[in-house]
Amino acid sequence: MIFASDNWAAIHPKIADNVSRHSIGYAPAYGNSDLDKSVEATFAEIFECEVSVYFVATGTAANSLSIAATNKPGGITFCHSAAHVAEDECGAVEYLTGGSRLHLIPGKYGKMELPALEKAIAKNPAAFVHGGQPMALTITQATEAGTIHSLDEIAAISAIAKKNELPLHMDGVRFANALVTLGVTPAEMTWKRGVDILSFGATKNGCWCAEAIVIFNKNLDTQMPFLRKRGAQLFSKSRFISAQFEAYFKDDLWLDTARHSNAMATNLAGIIEKSASARLAWQPQANEVFAILKTKTCETLRELGAVFYDWHAPTDGSATVNIDETMVRFVTSFATTTDEIITFSKVLD
């Protein structure tokens with residue numbers, strides 16, 4: 001019963017096989033192989049437009065370099081207060097931008113409150129040298145709360161970005177999970193709703209080490225080759241990242257793995273809803289389930305082999321955690337089995 005993180009899952013067998021298949025012989029380095037170029041063309045097909053694609057190793061690298069592409073002296077990027085770039089990336093954005101800063105916007109369920117966002121931007125006019133320059137907005141899809149921005153919500157944030165002449169970045173670490181929940185195309189969830197640059201995540205959804213920066217707005221593309229190189233993310237043997245993406249996209253494997261992990265999360269949430277010693281903090285929309293359990297129940301589950309993380313209780317009123325309770329996070333993956341869910345249902349109460 002491993003529900004700690006989708007990062008704990010192994011590489012999908014089809015992806016592992018494809019890496020092995022490409023592990024012999026010679027190929028041009030630094031993204032110049034036929035395989036690299038073929039995968040870049042696949043990205044263009046998936047997004048239904050011409051895109052620039054830069055492979056990197058981690059989501060932190062993808063996010064930080066994407067935001068660095070928008071950099072200005074004294075720059076300010078606006079994000080949700082619990083965004084991964086703010087909470088879990090060790091100041092990588094600030095470091096790789098040479099000292100820009102993040103302005104945190106409150107909001108329930110991992111989504112920025114739009115009036116608060118507009119107010120924050122207005123408080124930092126570009127012409128006011130003492131305050132610094134707004135330079136970007138970033139949103140997470142799916143969010144850090146396991147919820148999903150609807151197309152209308154993305155469009156509303158994009159409208160604010162465009163009004164203020166700010167590029168919009170999407171942290172798509174669980175991009176596929178959000179996509180299959182909404183039942184839309186990658187184009188509809190990104191550039192057709194005003195997203196300028198995307199961190200496209202695949203590692204959590206079956207790959208070993210495969211993330212990509214996908215640029216829709218060519219104005220943000222001029223410095224990315226240098227930013228990636230300086231950020232130590234230009235791989236010499238990039239064909240092994242491309243090999244992962246090739247298998248990931250083949251026959252829609254990436255969508256199948258996302259549907260499976262989402263379905264496992266839905267099943268897990270259903271079990272929690274029926275429990276007398278646990279309840280959902282809110283309804284999951286992707287593959288993360290946030291729940292509130294009796295602290296004693298948490299201890300019992302762990303003794304019986306369940307692996308999951310305690311989570312910080314929200315302060316925005318989205319959920320109430322009593323003194324004898326603990327908020328936790330369960331994450332499912334392509335490797336989660338029905339047997340694990342059944343076992344969990346038997347040991348929960």
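The exercises below, each with a worked solution, explore a few parts of this structure.

The model is predicted, with local features needing pLDDT of at least 70, side-chain atom pairs counting only at pLDDT 80 or more, and totals for chains, interfaces and linings using all residues. Residues are numbered from 1 along each chain as its sequence is written, and side-chain values use heavy atoms, leaving out hydrogens and water.

**Exercise 1.** Determine whether glutamate 288 is buried or exposed, and find which side chains it joins in polar contacts.

*Solution.* Begin with the position: glutamate 288 lies in strand S9, which covers residues 288-294, where strands (E, at least two residues) and helices (H or I, at least four) are DSSP runs numbered from the N terminus. Next, take the accessibility: glutamate 288 counts as buried because its relative accessibility is 3%, and buried means under 20% relative accessible area, exposed over 50% and partly exposed in between, with a 1.4 Å probe and protein chains only. Then turn to the side chain of glutamate 288, which makes a polar contact of 3.2 Å with the side chain of arginine 329 and another of 3.4 Å with that of arginine 174. A polar contact is a pair of N or O atoms within 3.5 Å; within protein, one must be able to donate a hydrogen and the other to accept it, and residues adjacent in sequence count only if both atoms are side-chain atoms.

**Exercise 2.** Work out the strand order of the seven-stranded open sheet and name its edge strands.

*Solution.* The order is S1-S7-S6-S5-S4-S2-S3, with mixed pairing. The edges are strand S1 (52-56) and strand S3 (101-105), each of which pairs on one side only; two strands pair if DSSP finds at least two bridges between them. Within the sheet, strand S5 (residues 168-172) and strand S6 (residues 197-201) pair in the parallel sense over four bridges, and methionine 170 has leucine 198 in S6 as its bridge partner.

**Exercise 3.** Describe how helix H2 and helix H11 cross.

*Solution.* First, the axes of H2 (residues 34-47) and H11 (residues 239-249) come within 9 Å and cross at roughly 40 degrees. Therefore H2 is oblique to H11, since angles under 35 degrees count as roughly parallel, over 145 as roughly antiparallel, 65 to 115 as roughly perpendicular and the rest as oblique.

Conventions:
Axes are lines fitted to C-alpha atoms, for helices over the stretch in contact, and angles run from 0 to 180 degrees between N-to-C directions.
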